[in-house]
Amino acid sequence: MTLDSTLAPWLEQALQSPLPDEVVGLSFNLSEGAAGDDAGFCIELVGTDRFDAQDPDWACDEVWAPEAREIELPYSLTGHHWEDCLAALHTALLQALATPRFGPRLTAQVQG
């Protein structure tokens, strides 16, 4: 199992239906798993009704979330430190969103 092979099916499920018209921003949020949980980290996807690269609070205006809002990622895929997980997820998400499988569906609608 790889990070890419874990993220791609989740993204496919999350983005299988068109996004609501009011969604203009997508936020991928990283959090730690529950205390004592061996899952490691969780990644969550939400849609917002605004995007402003100059405003760090733009992602607070959530208007949509997929049915499978988040997935857990084991330490074996992310490492034990959130900084390593964030870097790995950043790279994997940018690669996934640049593919024909996901990119064209999103770039026509979202600003960021």
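## The largest pocket

Let's start with helix H3, which gives the most to the lining of the largest pocket, with 6 residues. This is a predicted model, and its largest pocket has a volume of about 430 Å³. The lining is made up of 17 residues, and those nearest the pocket's centre are Leu 26, Phe 28, Leu 93, Leu 94 and Leu 97.

To find your way around, look for S1, helix H3 (82-97) and helix H4 (103-107): these are the elements that give two or more residues to the lining of the largest pocket.

## Aromatic pairs

Now for the rings. Searching the whole structure turns up 3 aromatic pairs. One of them joins Trp 10 and Phe 28 edge-to-face, at 6.4 Å centre to centre with 70° between the planes. Trp 10 belongs to helix H1 (residues 3-14) and Phe 28 to strand S1 (residues 25-32), so this pair ties together parts that are 18 residues apart in sequence. Trp 10 counts as buried because its relative accessibility is 4%, under the 20% cut-off. Phe 28, at 26% relative accessibility, counts as partly exposed.

Another pair is formed by Phe 51 and Trp 58: their ring centres are 4.8 Å apart and their planes stand at 75°, so the pair is edge-to-face. Here, Phe 51 counts as partly exposed at 27% relative accessibility, while Trp 58 is buried, with a relative accessible area of 14%.

## Where the two topics meet

Key
Residues numbered from 1 in each chain as written. Predicted model: local features only at pLDDT ≥ 70, side-chain atom pairs only at ≥ 80, totals over all residues. Heavy atoms only, no water. Phe/Tyr/Trp six-rings, centres within 6.5 Å; stacked < 30°, edge-to-face > 60°. Helix = DSSP H or I, 4+ residues; strand = E, 2+ residues; numbered from the N terminus. Buried < 20%, exposed > 50% of the residue type's maximum accessible area, 1.4 Å probe, protein only. 1 Å grid on protein atoms, 1.4 Å probe; cavity = no way out; pocket = protein on both sides within 12 Å on 5 of 7 lines; lining within 4 Å. Points joined across faces, edges and corners; volume = space filled by probe spheres on them.
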